[in-house]
Amino acid sequence: GVNRPSQSAYRLVATMPASTASGANIYADYIAKYGALIAGRKLFIRVQIVVNTLGLKSAAAESKCFIIA
């Protein structure tokens, strides 16, 4: 199985406004773009904060999980 996908395997699911201080919920965006989550598959998440006005990017944070029924 895949333990870590290549950089080119990641896809943009959603962007959030700067005012999203309490956390971002991308579930609905993911379902709309890729369809229902499938039990038994791995889901890899990579998050990066970008400040467009300054042209700055944070280090990326990555995580993976297994989808359960």
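What follows is a short walk through the chain and its aromatic residues.

## Ground rules

This is a predicted model, where local features need pLDDT of at least 70, side-chain atom pairs count only at pLDDT 80 or more, and totals for chains, interfaces and linings use all residues. Residues are numbered from 1 along each chain as its sequence is written, and side-chain values use heavy atoms, leaving out hydrogens and water.

## The overall picture

The protein chain has one helix and four strands, in the order α-β-β-β-β from the N terminus. Both are DSSP runs: helices are H or I with at least four residues, strands are E with at least two, and numbering starts at the N terminus. The C-alpha atoms fill a box of roughly 40 × 25 × 20 Å along the principal axes.

## The tyrosines

Searching the whole structure turns up one aromatic pair. Tyr30 and Tyr34 make up this tilted pair, with 5.1 Å centre to centre and 45° between the planes. Rings of Phe, Tyr and Trp (its six-membered ring) pair if their centres lie within 6.5 Å; planes under 30 degrees apart are stacked, over 60 edge-to-face, and the rest tilted.

Tyr30 and Tyr34 sit four residues apart in helix H1 (residues 27-34), so about one helical turn separates them. Tyr30 is partly exposed at 21% relative accessible area, and Tyr34 is partly exposed at 38%.

Note on methods. Buried < 20%, exposed > 50% of the residue type's maximum accessible area, 1.4 Å probe, protein only.
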